[in-house]
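I opened this model to look up a few things and kept notes as I went. The entries follow in the order in which I checked them.

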Amino acid sequence: MRIMISADMEGATGVTWTADVEPGTEQWQRFRKMFTGDVNACVEGLFAGGATDVLVNEAHSAQRNLLLEELDTRARMLTGRHKPLSMMQGVDSGMDGVVFLGYHAAAGLDGVLSHTYLPNQITGVWLDGVRASEGRLNSALAAEHGVPVLLVTGDDLTCADAAEYAPDANAVAVKECVSRYAAICTPPAVTAAMITEAAHLGMARAGCFAGSATGHRIEVEFDAAHLAAAAAVVPTVDQLQVRRVGFDAPSMTEAMKAFKVVTAIASGAVEGSYG
Ligand SMILES: [Zn+2]
């Protein structure tokens with residue numbers, strides 16, 4: 001039973017503020033430990049439920065946040081950036097389940113540190129006409145490879161989102177959203193127990209199923225006109241409105257690769273304080 005944990009940081013225990021997840025800050029150093037604690041709690045539950053191999057894929061920012069020296073010794077960790085499938089690198093290598101740990105709500109919606117891939121410049125992403133969080137995009141990719149989503153953790157709005165895109169997955173709310181930068185937080189000792197139990201129970205659904213590749217459409221809305229124009233230079237990407245682009249892809253894997261290109265080009269076009 002091979003399980004992957006896609007570990008993002010905004011939805012980790014206690015995190016509510018930009019500096020909490022910004023590499024190099026004092027607060028980030030503090031929250032790395034709590035983030036690693038959430039991961040270890042999950043690893044514990046997965047092995048208790050029958051996992052034989054757990055790969056943790058770092059999915060936040062430059063993807064160098066978790067503390068390897070404090071990681072459960074039964075797990076392995078994929079750390080560092082520039083991975084073709086980004087947050088989901090490894091999902092195509094015969095996994096029996098995936099956990100979305102520390103996830104968050106979609107860009108343009110309420111939720112602690114809500115965004116989709118870019119922190120601010122993307123105001124909305126739509127997958128086949130439905131507004132999509134990173135969780136929704138990544139669950140479609142997992143489904144294409146026949147990998148069930150076992151567990152999602154984050155704030156309460158992340159869990160509500162997961163109930164729509166992965167209704168069979170377990171969900172753990174480690175905090176209750178009050179605003180995009182405020183939450184009522186549960187201490188790590190308590191959230192760890194919740195995550196371990198939910199991961200253990202989630203293993204009942206582990207096991208690869210027959211995935212199949214189908215075509216998908218992604219549309220992306222930016223907060224400034226020139227970002228859409230920059231992204232529309234990519235072949236197959238059309239500028240639909242002043243701030244909106246869209247493209248079709250023959251599979252979710254190809255769609256996510258194209259989305260990665262769109263976000264990379266748009267990021268490169270961001271200018272100083274006018275964005
Ligand atoms: Zn994220």
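**Cores.** I started with the largest nonpolar core and found that it has 49 residues. I noted the residues with the most contacts inside it: Leu 137, Ile 218, Phe 222, Met 252 and Phe 259. Helix α6, residues 252–268, gives the most to this core, with seven residues. The model is predicted, and I read these entries with that in mind.

I then picked Ile 218 and listed what it touches, leaving out residues up to four places away in sequence. The list runs through Val 125, Trp 126 and Leu 127, then Leu 137, then Val 245, Gly 246 and Phe 247, and ends with Met 252, Ala 255 and Phe 259.

I also found a second, separate core, which has 38 residues. Among its members are Phe 47, Ala 198, Ala 199 and Ala 206.

**Zinc site.** Which residues coordinate the zinc ion? I found Asp 8 through OD, His 104 through NE2 and Glu 134 through OE, at 1.9 to 2.1 Å. Along the chain, the donors follow the spacing D-x95-H-x29-E. I placed His 104 in the loop between β4 (97–101) and β5 (122–127), and Glu 134 in helix α2 (residues 134–144), so this pair ties together parts that are 30 residues apart in sequence. I checked burial for the pair as well: both His 104 and Glu 134 are buried.

**Ala 41.** I looked up Ala 41 next and located it in helix α1, residues 26–48. Is Ala 41 buried or exposed? Its relative accessibility is 7%, so I count Ala 41 as buried, the cut-off being under 20%. Leaving out residues up to four places away in sequence, Ala 41 touches Ala 192, Ile 195 and Thr 196. I also took the C-alpha separation of Ala 41 and Ala 192: it is 5.1 Å, although the two are 151 residues apart along the chain.

**Whole protein.** I counted six helices and 12 strands. The radius of gyration is 18 Å; because a compact globule with 275 residues would have a value near 19 Å, I note that the two agree. The C-alpha trace spans about 50 × 45 × 30 Å along its principal axes. Of the 275 residues, 56% are buried.

For contacts between residues at least 6 apart in sequence, I noted that 68% join residues at least 24 apart. Last, I looked up the surface: the protein exposes about 11,100 Å², and carbon and sulfur atoms supply 55% of it.

Key
Residues numbered from 1 in each chain as written. Predicted model: local features only at pLDDT ≥ 70, side-chain atom pairs only at ≥ 80, totals over all residues. Heavy atoms only, no water. Core = buried A, V, L, I, M, F, W, Y, C linked by side-chain atoms within 4.5 Å. Buried < 20%, exposed > 50% of the residue type's maximum accessible area, 1.4 Å probe, protein only. Helix = DSSP H or I, 4+ residues; strand = E, 2+ residues; numbered from the N terminus. Contact = heavy atoms within 4.5 Å. Donors = N, O, S within 2.8 Å, 3.2 Å for Na, K, Ca; no water. Rg over C-alpha atoms; globule rule 2.2 N^0.38 Å. Areas by Shrake-Rupley, 256 points an atom, 1.4 Å probe, with all protein chains shown as cover.
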